[in-house]
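Please look over the sequence and the structure first.

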Amino acid sequence: VEETGIAPIITGRQVTINVANNHNTILMNLVGVEDLPYNAYSQATEVINDIEISLVLDVSGSMGRNNKLTLLQGAAKKFVSKVLAGADGRVSLSLVPYSTQVSVGEDLFDQMSTNSWHDYSHCVHFSDSDFEKTGAPTTAMAQSAHFDAFTWWNEGRSPNRPVCGTKSYYHIQPWTNNITDLHDQIELFEADGNTSIDVAMKWGTMLVDSSTRDEHVALIAAQTDRDSTFSERPYDYTRENTLKFVILMTDGINTKQYRMRSAYKTGVSPVWRHVSDAGRFAEYDANRGEYFLNGDWDDDSTSDTYQWAATLPGNPSDDWVNMSWPETWASMTQAWRAYHLHYARAWDASKYWDAYEDVNWFKWGSSKNTYLDKICTKAREKNIVVITIGFEVTDSSAAIMEKCAYTDNDFHRVDGP
């Protein structure tokens with residue numbers, strides 16, 4: 001018995017049976033014929049017509065060490081090619097890169113039910129109960145704030161490392177079989193940020209859950225160049241001849257997930273920007289009833305100087321704009337604000353840390369492990385085949401990923417070459 005295969009192998013298998021032997025004779029041996037040869041040949045093919053896959057890949061900062069990202073890119077591209085080449089429309093794949101957060105991407109985000117309040121980035125926060133089911137939340141998801149919690153105060157003002165990534169290769173690429181597009185995105189991956197495996201796994205299950213079918217249909221209608229081959233997907237779990245997979249890869253373990261405190265998310269901030277000078281800002285101190293300003297106020301220096309003022313210099317209505325909190329965080333990192341608009345008020349380090357730490361809070365990795373366990377359990381209950389890959393992970397991380405897998409055989413602990 002030989003398994004000869006069928007391309008791509010994930011959609012089915014082909015078995016060939018070839019029997020050749022000799023049969024002992026009963027009467028013919030009297031005339032010298034002691035045995036007769038016989039041959040039997042048969043072939044059977046088993047094919048699952050429809051496959052749905054979420055490929056969930058860790059692109060956090062630790063992937064930038066030991067050539068891990070390069071190895072991931074090569075393996076991911078090879079996987080995409082093998083499962084999609086020759087699939088004849090049977091296999092759809094959703095690519096989910098993740099680090100501190102999962103960027104939905106503007107196109108898909110616009111089709112989902114969200115409490116949207118800015119256009120700078122497109123991530124959402126899940127409630128604790130959302131991890132107790134594989135599908136999309138039944139109520140509007142809360143959009144994540146756009147802010148940079150990673151860039152240090154002396155690394156520049158612009159938020160270059162937002163918690164919710166804005167570069168196109170961070171965005172989910174949903175429900176496709178376009179090998180070229182998937183390869184192109186994987187090739188652009190960069191390693192940065194923390195690790196939120198629970199959030200990534202939640203998105204992985206949602207993209208194979210029928211609760212997001214309406215969003216898929218709406219996405220096809222909104223993107224005239226989008227292939228409608230998979231318009232009926234994700235299929236119901238009860239549909240025959242259908243398999244759903246989540247391939248979940250990480251090189252680490254859940255770490256801090258930064259979230260903006262409500263008081264700093266929306267509404268008018270106390271921060272003002274100068275209309276014509278991009279480097280000048282002021283923040284109103286309600287306790288003093290004065291503004292604290294940074295900028296080149298002596299006109300002879302290229303470095304920041306600071307001053308208190310009862311009113312904004314010049315004609316405030318023409319020269320200054322009061323920014324909203326989303327506009328503030330799109331203009332500066334939280335560390336830059338803490339240093340230049342708080343610490344410099346009295347050169348007091350406590351002012352810096354108060355301003356820095358008051359802006360956000362975070363979920364600890366240990367609590368996120370609980371959410372990961374919940375969503376993995378629900379995936380198994382729905383017969384989603386979860387294959388987990390621990391790439392150069394610790395023993396504790398390996399145990400968590402092994403527990404998430406569909407069966408013990410569906411966890412793979414691997415090291416680089």
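The sections below cover the basis of the model, the open sheet and the salt bridges.

## Basis

The model is predicted: local features need pLDDT of at least 70, side-chain atom pairs count only at pLDDT 80 or more, and totals for chains, interfaces and linings use all residues. Residues are numbered from 1 along each chain as its sequence is written, and side-chain values use heavy atoms, with hydrogens and water left out.

## The open sheet

Helices (H or I, at least four residues) and strands (E, at least two) are DSSP runs numbered from the N terminus, and two strands pair if DSSP finds at least two bridges between them. An open sheet of 5 strands is ordered β15-β14-β13-β12-β16, and its pairing is antiparallel. Its edge strands, β15 (305–309) and β16 (320–324), each pair on one side only. On average, neighbouring strands of this sheet are turned by 25 degrees against each other, direction ignored; axes are lines fitted to C-alpha atoms, for helices over the stretch in contact, and angles run from 0 to 180 degrees between N-to-C directions.

Strand β14 (residues 290–295) is joined to β15 by 5 bridges, and the two run antiparallel. Phe-292 has Trp-308 in β15 as its bridge partner.

## Salt bridges

A salt bridge is a side-chain nitrogen of Lys or Arg within 4 Å of a carboxyl oxygen of Asp or Glu. By this rule the count is 17. One of them joins Lys-77 and Glu-187, at 2.6 Å from N to O. This pair links distant parts of the chain, with Lys-77 in helix α1 (residues 68–84) and Glu-187 in helix α3 (residues 179–187), 110 residues apart. In relative accessible area, buried means under 20%, exposed over 50% and partly exposed in between (1.4 Å probe, protein chains only). Lys-77 is partly exposed at 25%, and Glu-187 is partly exposed at 44%.

Asp-236 and Arg-213 also form a salt bridge, with their closest N and O atoms 2.8 Å apart. Asp-236 lies in the loop between α5 (213–222) and β10 (242–250) while Arg-213 is in helix α5, so the pair ties together parts 23 residues apart in sequence. Asp-236 is partly exposed at 37%, as is Arg-213 at 24%.

## A helix pair and a network

Asp-373 and Lys-403 meet in a salt bridge of 3.5 Å, N to O. Asp-373 belongs to helix α10 (residues 365–381) and Lys-403 to helix α11 (residues 395–404), 30 residues apart. Asp-373 is partly exposed, with a relative accessible area of 27%, whereas Lys-403 is exposed at 52%.

A network of salt bridges links Asp-50, Arg-233 and Arg-239.
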